[in-house]
Each structure stands twice: as C-alpha cells, then as structure tokens.
Amino acid sequence: MTTPQHRAALGGTGCVILGAGLAGLSLADALLTRGVTSPITLIDVREEFPDDRTWCFWDVHPHPYRHLVSHRWACWSFSGHGATHRQRSASAPYCHLPARRFYEDVLSRLSAAPNCTLVLGTTVQDVRGQPGTVRVRTSAGEVTAAHCFDALATAGPTWARLGPATGEQQLSQRFLGWFVRAPRPVFDPSCMTLMDFDVTPNGELRFMYVLPFSTTSALVEDTSIGFHGVPADASRDEIRRYLGARFGLHEVEVLREEESVLPMVSARPPRGDAAAPVIAVGNAAGAVRPSSGYAFIRTQRHVARLADAFARGRPGPVPVERPREARLDAVFLEALRDDPPGFANHLLSLGRRMPGDRFARFMMDAASPADVLAMVAALPKGPFARAAARSIATGRMP
Ligand SMILES: Cc1cc2nc3c(=O)[nH]c(=O)nc-3n(C[C@H](O)[C@H](O)[C@H](O)COP(=O)(O)OP(=O)(O)OC[C@H]3O[C@@H](n4cnc5c(N)ncnc54)[C@H](O)[C@@H]3O)c2cc1C
C-alpha cells in the first residue's frame, strides 16, 4: 500500500511522535479518539506502508483493532518427541491481524484529522530537550514540540539507554517465515501450530510455527531463540525440509517472506520519571515481552494509558507491565538463558498440562493467581527454582 505523502514543513508542534509504525500510529489514533485537537506530528523514515508483518495474539484484552483481525483459531498445538498436544479456548482464540489492514485503517483516520501531520521519508537524527520543549533534529530540518514520544523501536533515544547489563550476552528471537500456497489441500485451518519442535536442532530453542489460513495457504515460520540465530538461507532450507516432512509438500509457491530479530532482554526502561522530556512507547518502551516476543497487545494497552494521561493534561511515562509480570518474565528468561534447547520440554509440558484459557491469559499478561498456580504445577520445580534464585542474585529480577 502506498499512502499519500504528507510532507509538511517542520517547525513547532504540540506533540511530536517519532516513528509511525505500530506504536506511533496507534498512539496518534488513540489521541484523536480521546478528542485531542492540538497539533500532532508523526515523523518516519519510511516512504510507504507495505504489508510488512503480521501481528498475532490471544484475544484476551479489548483493543481498538479487533475488527481488523483476519483469522481466529480456537485451537493451537505443541508438537515434539512424536506427540502433539492441543489446547483450546473458545473465549480467547489466537488472532492474526495483517499489518496492511492496520495501516490502511489508521492512516485513513489520521489523513482526515486536520490537526495531524504525517511526515514521511524523514530520518530522526537527534533528540534533545527538557520538560516543556523538545528539539528533534531530522534530515528535513528541526522540529520543536511541547511533548515528544519515542516510537522508534530500537532505533531511538530510549532504547540506547535500555540495554542489557554490560558484557551480557543477549538472547534474541529470530524468525523467517514464508506465506505459501500449496497445490493441494494439506493444512488443517481449524488448528494452528504454535510450536513444533520436530525440527533440525541448532543448539537454540528452535521450532516451526504454522498459521493455516486455509487448506492450501499458510504462514510457515522457522523460529529460533538463543544467542546466535540462524542464517536466512538455513531457515529457508529448514522450511523446505519441514514442508516436505510434515505435509509431503515438495513444491510450494512462496507468496511473501517476512523476517525479524526481536531482542529478548529483561532490562526495562527507566520508570515513573514524570519529568522525562521524551516518553517511550511500543518496542522503545520494552513492549516486546522478553520471554515470548509478543508485543502487539502490550503496545495497545500501553498506548491507551499514555493517551489517557495525555488527554487528562498529565502526559508522562507509564510502565509497560506490572511488577508481577516482570518478575514472572525474569524467571522464564533466566531458565531460557540457562538451556535454550532444553526449554522445549518446559513448553511441551505447558502445552500438555495447562488448559487453553489459562495459557492464553498467561501469555497476554492477564494470569490470575490460579492461572499462575496451574502453570507452576505444570513445570518442573528444580530448574525454575534455580532460575528464580539466579535472577535475584544477578539483579535481573526487577
Ligand atoms: C515481521 C514481524 C512480525 C512480528 N510479529 C509479531 C506478532 O505476531 N505478535 C506480536 O505481538 N508482535 C510481533 N512483532 C513484534 C512487534 O509487535 C512489532 O515489531 C511492532 O511493529 C513494534 O511496534 P513499534 O511501533 O514499536 O516498532 P515499528 O512498528 O517497527 O515502528 C518503528 C518505526 O520507526 C521508524 N524508524 C526507525 N528508525 C527511524 C529513524 N531514525 N527516523 C525515522 N523513523 C525511523 C521505522 O521506519 C518504523 O516505522 C513482529 C515484528 C516483526 C518485525
């Protein structure tokens, strides 16, 4: 999709949002929805909004983009060691929302808003300021604003301050996926494959992820969590091998490829600094859940709280997650760091022993105390007790 290019002369504005990706666009949309009429300027280096990614999540929390979900699966599976475990939830299905739908929907509202300016093809170079005035240097000149949001993911001023502890090896989730069309019906669109561990081992937590859109079309993604990652060509070879081994498919049409590297760090941005001149949102604020890589719903909930505060006349940073979730994540991450390939057994155990509703709530930061107990019951005590002790000892437990 190509959008009309709004190239405005930069200068003064009420609120500048750096980055017009998921977080920046969602924030501008949320400010408009809350009746903000002061000028809002979004700046992004991109020239257009192609269908560049898909967002998936469990339907646990309300958010403004539910009408854009293209597929829902009430069943998801974990496979490994020759067995498949299925979890089901009618009330919290797994959802797929294509970026193209989101961009079209939000951009149509922003284009219609007289107080909103989208400046594309412009690189943010530097941000300086104090509360009350922020100066943003860009490739197209300088903009000054009373309020500034950093929605530049890992490319902005906030992420540079986040970083993992010095000298620490950083865990990352790397994935490469193919949107494929098969010449005959092979996929089961009633159940998506969340994790299939019957893949070629690579010393990391590696699994195949399959979103079956119909009997003949799917997204098939090679995912690897660890310290090294998989070269893109090795991922392509693995997807080819998997399609042959799992579905007997030796010829497929590849419609599109998507890939990414998501940092999985337990470090959090500075919190509660009400005087901060730049307020982080989305990945820049640590919205990617460190232990899972899911960010869409965290971003929407974070955006809603930031926009509420702004609309009430009290803009300021708000934490992305509650302390309890941060602690649970720290323990999961520690156990993952300890033995990435061995973590597959813990996930298979969760898949086998945890009911789907509880698992979905846990994945979406909505676990009740009973859900947490069910999860603890499903996991081996030794590795997680050691992980908890280590995350306290290393200071990674927030
Ligand atoms: C392929 C892919 C699939 C994903 N799938 C899922 C999923 O299924 N579920 C989920 O929850 N999360 C998923 N994520 C993670 C996360 O939801 C996304 O990364 C999300 O887009 C992050 O939103 P954001 O706004 O923080 O960053 P982005 O959407 O990446 O936006 C950042 C923006 O900043 C702009 N920018 C960067 N540097 C500059 C600069 N110097 N000057 C100007 N502009 C700049 C970029 O052009 C971009 O538009 C996925 C990520 C990717 C890449």
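Residues are numbered from 1 along each chain, following the sequence as it is written. Because the model is predicted, local features need a pLDDT of at least 70 and side-chain atom pairs count only at pLDDT 80 or more, whereas totals for chains, interfaces and linings use all residues. The mean pLDDT of the protein (the predictor's confidence in each residue, from 0 to 100) is 90, and 92% of the residues reach 70 or more. Over residues 1–8, however, the pLDDT is below 50, and this stretch has 20 contacts in the model beyond near neighbours in sequence, two residues being in contact if their C-beta atoms, placed from the backbone, lie within 7 Å.

Helices and strands are taken as DSSP runs numbered from the N terminus, helices being H or I runs of at least four residues and strands being E runs of at least two. Seven strands form an open sheet of mixed pairing, in the order β6-β5-β13-β14-β15-β12-β16, where two strands pair if DSSP finds at least two bridges between them. The edge strands, each of which pairs on one side only, are β6 (83–88) and β16 (253–263). From one strand to the next, the twist averages 15°. Helix α4 (residues 232–247) packs on this sheet, where it touches β12 (172–181), β14, β15 (217–226) and β16, and its direction makes about 130° with that of β15. For these angles, axes are lines fitted to C-alpha atoms, for helices over the stretch in contact, and the angles run from 0 to 180 degrees between N-to-C directions.

Within the sheet, strand β13 (residues 192–196) is joined to strand β14 (residues 205–212) by two bridges, and these strands run antiparallel. Five of the five residues of β13 are buried, so the strand is largely enclosed by the rest of the structure. A residue counts as buried if 20 or more other C-beta atoms lie within 10 Å of its own, as exposed if 12 or fewer do, and as partly exposed in between, with C-beta atoms placed from the backbone.

Two helix pairs may be described next. The axes of helix α1 (residues 22–33) and helix α2 (residues 99–112) come within 10 Å and cross at roughly 50°, which makes α1 oblique to α2. Angles under 35 degrees count as roughly parallel, those over 145 as roughly antiparallel, those from 65 to 115 as roughly perpendicular, and the rest as oblique. The crossing of α1 past α2 is left-handed, a term used if the near helix is turned anticlockwise from the far one by less than a right angle, with right-handed used if it is turned clockwise. In this pair, Leu25, Ala28, Asp29 and Leu32 of α1 meet Val106, Arg109 and Leu110 of α2. The axes of helix α8 (residues 356–363) and helix α9 (residues 369–378) also come within 10 Å and cross at roughly 105°, which makes α8 roughly perpendicular to α9. Arg358, Arg361 and Phe362 of α8 meet Asp371, Ala374 and Met375 of α9.

The loop between α8 and α9 contains Asp365, whose phi is near 60°, a positive value in a residue other than glycine. Asp365 counts as buried, with 21 C-beta neighbours inside 10 Å. A positive phi, of about 55°, is also found at Ala153, which is not a glycine. Ala153 lies in the loop between β11 (141–150) and α3 (157–162) and is buried, with 23 other C-beta atoms within 10 Å. Most residues other than glycine have a negative phi.

Two threonines complete the description. Thr13, in strand β1 (residues 12–18), is buried, with 24 other C-beta atoms within 10 Å. Leaving aside neighbours within four places in sequence, Thr13 is in contact with Pro39, Thr41, Val143 and Ala145; the C-alpha atoms of Thr13 and Val143 are separated by 7.3 Å, although these residues are 130 apart along the chain. Thr138, in strand β10 (residues 133–138), counts as partly exposed, with 19 C-beta neighbours inside 10 Å. Thr138 and Val124 are 14 residues apart in sequence and, from C-alpha to C-alpha, 4.4 Å apart in space.
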